[in-house]
Amino acid sequence: MDCKELLNLLYQMYPNAGCELEYFSPFSFLCAVILSAQTTDKAVNKVTKELFSRYKTIDSLANANRNEIMQIIAPIGLMKNKSEYIIKLANIVKNKYNGIIPTNREELLQLPGVGRKTANVYLAQIYNVPAIAVDTHVNRVSKRLGLALEEDSVLDVENKLMEYFAKDDWIRAHHGLLFLGRYKCLAKKPECQTCLLKKNCKYWKEINENE
Ligand code: SF4
């Protein structure tokens, strides 16, 4: 399928696709993305509301009591790692970067809890830098649609999507595919009957050929 056609169909399905994490500053956004590992944005929004009402500044988070942070973020899981990441992050941003998160991808990748996906999400959302972050949803739907192969690594998928879509469409494509995976192309039971992409979907064709 032509990439523009795919984008149009995604847009028809999800005209308001976009970032669902709530934040009030680049720092609070980066923390939210780090906290979003293996949980939902909705769950993160609940804990960040509490977290940032108690720790309003980078400085206060840098000096936070780790047990208190763990208690606040307990509902989203991985509280040991996540609490360590955000306290260390606050300290590094405060002491090394004078309170300003670096804009350079290489430096971002050195920050605690920040991998390629997180850096892409951050740069795209805060600075509109073209990027396609491949999370579990984008990875799954890309493979089902046939935009990538089952055996492809996350990096392979990212490279294939960047080649397939025009650079100016990368952010839009990311959000559209993410919403598709989050709300329709569910891991266990994709809702193919109501999916506008089914006539071009490899997974759908395979299932119907086998029936
Ligand atoms: S047709 Fe089904 S498998 Fe294909 S993208 Fe739509 S929901 Fe996912």
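Tutor: Contact means heavy atoms within 4.5 Å. In this predicted model, Phe 27, Ser 28, Cys 31, Ala 32 and Leu 35 in α2 meet Val 44, Thr 48, Leu 51 and Phe 52 in α3. The residues of this contact of α2 with α3 divide into seven nonpolar, two polar and no charged. In that division, Ala, Val, Leu, Ile, Met, Phe, Trp, Tyr, Cys and Pro count as nonpolar, Asp, Glu, Lys and Arg as charged, and the others, Gly among them, as polar.

Student: On what conventions do the numbering and the values rest?

Tutor: Residues are numbered from 1 along each chain as its sequence is written. Because the model is predicted, local features need pLDDT of at least 70 and side-chain atom pairs count only at pLDDT 80 or more, while totals for chains, interfaces and linings use all residues; side-chain values use heavy atoms, with hydrogens and water left out.

Student: How many helices and strands does the secondary structure of the chain hold?

Tutor: Helices (H or I, at least four residues) and strands (E, at least two) are DSSP runs, numbered from the N terminus. Here the chain comes to 12 helices and zero strands. Read from the N terminus, the elements run α-α-α-α-α-α-α-α-α-α-α-α.

Student: What describes two packed helices?

Tutor: Two packed helices are described by the angle between their axes and the distance between the axes. The axes are lines fitted to C-alpha atoms, for helices over the stretch in contact, and angles run from 0 to 180 degrees between N-to-C directions. For helix α2 (residues 26-35) and helix α3 (residues 41-54), the axes come within 10 Å and cross at roughly 135 degrees. The two helices are therefore oblique to each other: angles under 35 degrees count as roughly parallel, over 145 as roughly antiparallel, 65 to 115 as roughly perpendicular and the rest as oblique.

Student: Is the crossing of α2 and α3 left-handed or right-handed?

Tutor: A crossing is left-handed if the near helix is turned anticlockwise from the far one by less than a right angle, and right-handed if clockwise. The crossing of α2 and α3 is right-handed.

Student: At what angle do α1 and α11 pack?

Tutor: Helix α1 (residues 3-13) and helix α11 (residues 170-183) pack at about 55 degrees, and their axes are 10 Å apart. That angle makes α1 oblique to α11. Their crossing is left-handed. In α1, the residues Leu 7, Leu 10, Tyr 11 and Met 13 meet Arg 172, Ala 173, Gly 176, Leu 177 and Leu 180 in α11. The residues of this contact divide into seven nonpolar, one polar and one charged.

Student: How does the radius of gyration of the chain agree with that of a compact globule?

Tutor: The radius of gyration is taken over C-alpha atoms, and the globule rule is 2.2 Å times the number of residues to the power 0.38. With 211 residues, a compact globule would have a radius near 17 Å; the chain has 19 Å, which agrees. Taken along the principal axes, the C-alpha atoms fill a box of roughly 60 × 30 × 30 Å. Of the contacts with a separation of 6 or more, 60% join residues 24 or more positions apart.

Student: What percentage of the residues in the chain is buried?

Tutor: Buried means under 20% relative accessible area, exposed over 50%, partly exposed in between (1.4 Å probe, protein chains only). Buried residues make up 47% of the 211 residues. By contrast, Gln 125, in helix α8, is partly exposed at 28%. Leaving aside neighbours within four places in sequence, Gln 125 is in contact with Cys 19, Tyr 23, Phe 29 and His 175.

Student: Where is Asn 63 found?

Tutor: Asn 63 is found in the loop between α4 (58-62) and α5, and Asn 63 is exposed, with a relative accessible area of 55%. Asn 63 and Ile 87 are 24 residues apart in sequence and 7.5 Å apart in space, C-alpha to C-alpha.
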